Amino acid sequence: MSARDDDFKADLLQGTLHLLVLKALVAQPLHGLGVSNRISQITNGTFDVKPGSLFPALHRMEEAGWLKAEWGESENKRRAKFYSLTKAGRRQLDTETEDWQRISIAMTSALRAS
Amino acid sequence: MRLLSRVASLLRNTTHKDDVERDLREEVNSYVELLTQEKIRDGITEGAARRAALVELGGAEQVKEQVREIRMGHFLEMRGQDVRYAARTLRKSPVYSITVALVLGLGIGSTALMFTIVNSVLLKGPPFPESDRLVMLWQDLPQEKHVSFSAREFIIWQSETRVFETLSAFTGNGFTITGRGEPELAIGRQVTPSFFQTLRAAPALGRTFLEDEGTAGRDRSVILSHALWRDKFAMRADVIGQPVVMNGEPYTVVGVMPESFLFLDRETKLWVPAALDAATFQQHFDAHMLRVIGRLKPGVSTQQLQAEIDVLGTRVNAPEDDTVRRFYAIDLKEIVAGELRQPLLVLLAAVAFLLLIACANVANLMLARASAREPEMAIRSALGASRRRLVLQLLTEAALLACLGGMLGTGIAIWGLDLLKLFAARNLPELATARLDGTALAFILAATTTAGVLFGLGPAFATSRTSYLATLKGAARTTAASGAERTRQVLVFVEVALASLLLIGCALMMRSFVALVHADPGFRTANVITADAVLMKDRYPDAPALLQFYRESIAAIRALPAIDAAGMVTHLPFGGNSWGNSYEVEQQPAPAGVQYNAQIRPVSPGYLAALEIPLQRGRDVSEQDNEKAPGVAIVNQIFADRFWPNADAVGQRIRYGRSWLSIVGVCGAIKHSRLETDADAEIYVPYPQVDAAVMQFVGRNLNYVVHSASPALVAPQLRATLRQLDPGLVVRVNTMDALINDSIAQPRFRTWLIGIVSAFALALACIGIYGVIAYLVTQRSKEFGIRIALGATRGNILRLVLGRTLRLTAAGVAAGVVAAFFLSRFLGTILFGISVHDALAFIAVPTCLIAVALLAGFLPARRATHVDPVTSLRYE
């Protein structure tokens, strides 16, 4: 694979990852591993988010004010940092979903065009 | 609450890096832990599960590093954006930005300047190592306060002290340096050899004095000041060991002091050893002419020092001398600060008030601007900017302004200090070494930061509270805005109160200064020229030689054309010297333990007339009152009233030396060294009748006093006449007015300073009033429009706005006057001739302030009357 392919994939993932994390957190607050598992679950295993990209994304989104983090206890009584959506995060999810749907429709129609 | 937690998280990010770091580490660890648990649940052994989890993590450090980069990058990017945006915003409203920066700069700069001066003069103390152990000793005699030591007292004390590491004495003397270009008169100090050791002052070149240089015959060494080394010796390094002739005697240069050496005054140009066993000191063993400075041993307490003072104070008396003395010590630090303490603290308080006014003003400007920007903020908020971003944005703007103000302030402080040094270094020698040091810079930094945060946070929160919906709808400024307006009115109230307090203080000091300038010294000063010559021992070894020169010179000067009165005195009023002595009054012996002391002035006939000192009774001294004639004296009114309140002083006899003197006249009392202090008891004696031995001491400085209608013409003639009699003579010509003027240089200086500070305060208060009224007018322009439409005249509107201004100002002025009434007593010690509750100051200042405030309110008020009802109603 060439370097250009790498960049492209990363860019794509960046946008997607935010959307996926937002989506994963809609139902309930989750810790890092929970987010990772949830994404894996809702994408039927297509996306397996590694910590190397997950944590930077979580922190970036926290800085942007979309997520807020709190220390809490995991299901098996371990200390873990839980992320949840803020109001701005929910708005962001709506915007990004809309954007994504637009792009997705555009892309699909573009690819179908002969 | 959320906003607060945001700000808190931001602070945590930047200030508590360690906490953030720990948080991140724990988060990653917890992830590994949870993943391991998950894998164990899937049936893998614990060890294998942990390894697998770590592999999946892909290196804990790399993950953390990536997160750190994100955090930092985001923070920097946002702040960079804020700064760029803030700079752009401020550039777009230059008047506002420049005003705020100027106001802040003035406040910070003048406070830093004053702080630097106070710090260098009051706090830092004298420029010697461990200067807190340096004290000077004095004594109070029954009739005279603050008297120096005699050689006897010093020698006894020095040999018996237990608390002093070293004890040194010094006395002043004039030295005429000859043989190196023009003869020059330099002020020198005779010091006991340990003097420099006591101060712990090291020479720049050569050495200080050795112990045996304090004995007669070995005392011909001299240490030069940096200034003398520069002026007379061209700063040559080989000056050590060179011969120099002073007062006709050969001396050898043994050392040069550094430029920074400064002890009590800047005038001293050289130091020679004081040999206390030499004839001059032995002949006047009980004359109080030595000032004493000592370095206490480490750890000596005030009580221990007092104990020694109590013990030794009784031991220093000469046999058969039963004078009751009270010795005391004063820290050198106190002496250096001394008289300056009160004025400097007053000035510091004044500039602190100025800083407060500046702060209030800036807050006011920012609040006004914040409300003007409500729509902008509302739009940005509606477009998705979080409150935190808006607050940070406003904070950044405030910080940027504070930085500008801080820079301006630093400039003002540096420039102002240079300016002050130029004008005031002579009155305030410590100022020469004053520098804008770390402490002052730290102060500027602290002031700037506080200002930035305070002025940013206030308006920021005010803005973030407002309802954007309402603002956007244009319903605007009902509840939130009126809160801000109240704040602004309180700020103006504080400003006006502080300004009137300052202005009253300023008015008091100015009135006091005017009183000082017009204070009557008791003699004529206009068109009086003085010429001062010092007759040195080498050319005038004894009393006959001195008398010969005196007679020739006074005759030559009287013969000058265009002179209508001339006289001579050894100790000229406001000339910097005085001579006090103890005396006796015939038939009125002093009570046991009491010594009468008075100022003694050897004069020529005609001296009193030349200065127009009124002769109230009897006659002036005459040429017939010579060294062979029976002794006579003239006493001043204070003296006469003390001893003969109901009888005639003329004909009575007094004695200050060996023989009795008949009082032949009574004259008016004059002020001798300061206009602020009361006149002293004085005895005038004919110069030729001064005891030959005493004349050696006090008769060498002849001050000629001449009155002429054309002083400019006479001054050069006076110098020429004296130089003709003795070409080696150093003659200083002055006018009496200039001498008196010099004596009030310090009060003048501080009056100027407080005047400047008060002018700034007044200007700032006016800006504040103008701002509030102008805002009020803008805000209520619709209302004014309606009023005008309904038939209100321009006069009605004008009265309405001005009435508001008056209410705003009057409250502040009233508060200021009340505060001034209670605080003005702190000015008590530096005021002269007026009461601290001087009616004029307390009436004139409030009146002027209200007038100026009305003027400031008039501009916007006039604008209000020009509101066009159609335009203002169209928007409704």
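Trainee: Among contacts in chain A between residues at least 6 apart in sequence, what percentage join residues at least 24 apart?
Mentor: The model is predicted, so local features need pLDDT of at least 70 and side-chain atom pairs count only at pLDDT 80 or more, while totals for chains, interfaces and linings use all residues. Residues are numbered from 1 along each chain as its sequence is written, chains are lettered from A and ligands numbered from 1 in the order in which they are written, and side-chain values use heavy atoms, with hydrogens and water left out. A contact means heavy atoms within 4.5 Å. Of the chain A contacts between residues at least 6 apart, those that join residues at least 24 apart make up 49%.

Trainee: Which pattern does chain A follow along the sequence?
Mentor: Helices (H or I, at least four residues) and strands (E, at least two) are DSSP runs, numbered from the N terminus. Chain A has 4 helices and 3 strands. Read along the sequence, they give α-β-α-α-β-β-α.

Trainee: What percentage of the residues in chain A are buried?
Mentor: Buried means under 20% relative accessible area, exposed over 50%, and partly exposed in between (1.4 Å probe, protein chains only). Chain A has 114 residues, and the buried share is 39%.

Trainee: What area is buried between chain A and chain B?
Mentor: Buried area is the accessible area (1.4 Å probe) that two parts lose on being put together, summed over both. The contact takes 27 residues from chain A and 23 residues from chain B. In chain A, A:Leu33, A:Phe55 and A:Glu63 lose the most area to chain B, together 30% of what that side buries. Carbon and sulfur atoms give 54% of the area buried between the two chains, which is about 2,400 Å².

Trainee: How far apart are the closest N and O atoms in the salt bridge of A:Arg78 with B:Glu33?
Mentor: A salt bridge is a side-chain nitrogen of Lys or Arg within 4 Å of a carboxyl oxygen of Asp or Glu. The rule finds 4 salt bridges across the interface of chain A and chain B. For A:Arg78 and B:Glu33, the closest N and O atoms are separated by 3.2 Å.

Trainee: Which element gives the most residues to the side of chain A that touches chain B?
Mentor: The elements of chain A that give two or more residues to this side are α2 (32–42), α3 (51–63), β2 (67–73) and β3 (79–85). With 9 residues, the element that gives the most is α3(A).

Trainee: Is B:Ser553 buried or exposed?
Mentor: B:Ser553 is found in helix α18 (residues 543–558) of chain B. Leaving aside residues up to four places away in sequence, B:Ser553 touches B:Tyr704, B:Leu722 and B:Leu725. Its relative accessible area is 0%, so B:Ser553 is buried.

Trainee: Which backbone oxygen lies 2.9 Å from a polar atom of the side chain of B:Ser553?
Mentor: The side chain of B:Ser553 belongs to a residue of helix α18 in chain B. At 2.9 Å from a polar atom of that side chain lies the backbone oxygen of B:Tyr550.

Trainee: What is the phi of B:Ala234?
Mentor: Most residues other than glycine have a negative phi. B:Ala234 lies in the loop between α8 (226–233) and β6 (243–246) of chain B, and at 58% relative accessibility it counts as exposed. Although B:Ala234 is not a glycine, its phi is positive, at about 50°.

Terms used
A polar contact is a pair of N or O atoms within 3.5 Å; within protein, one must be able to donate a hydrogen and the other to accept it, and residues adjacent in sequence count only if both atoms are side-chain atoms.
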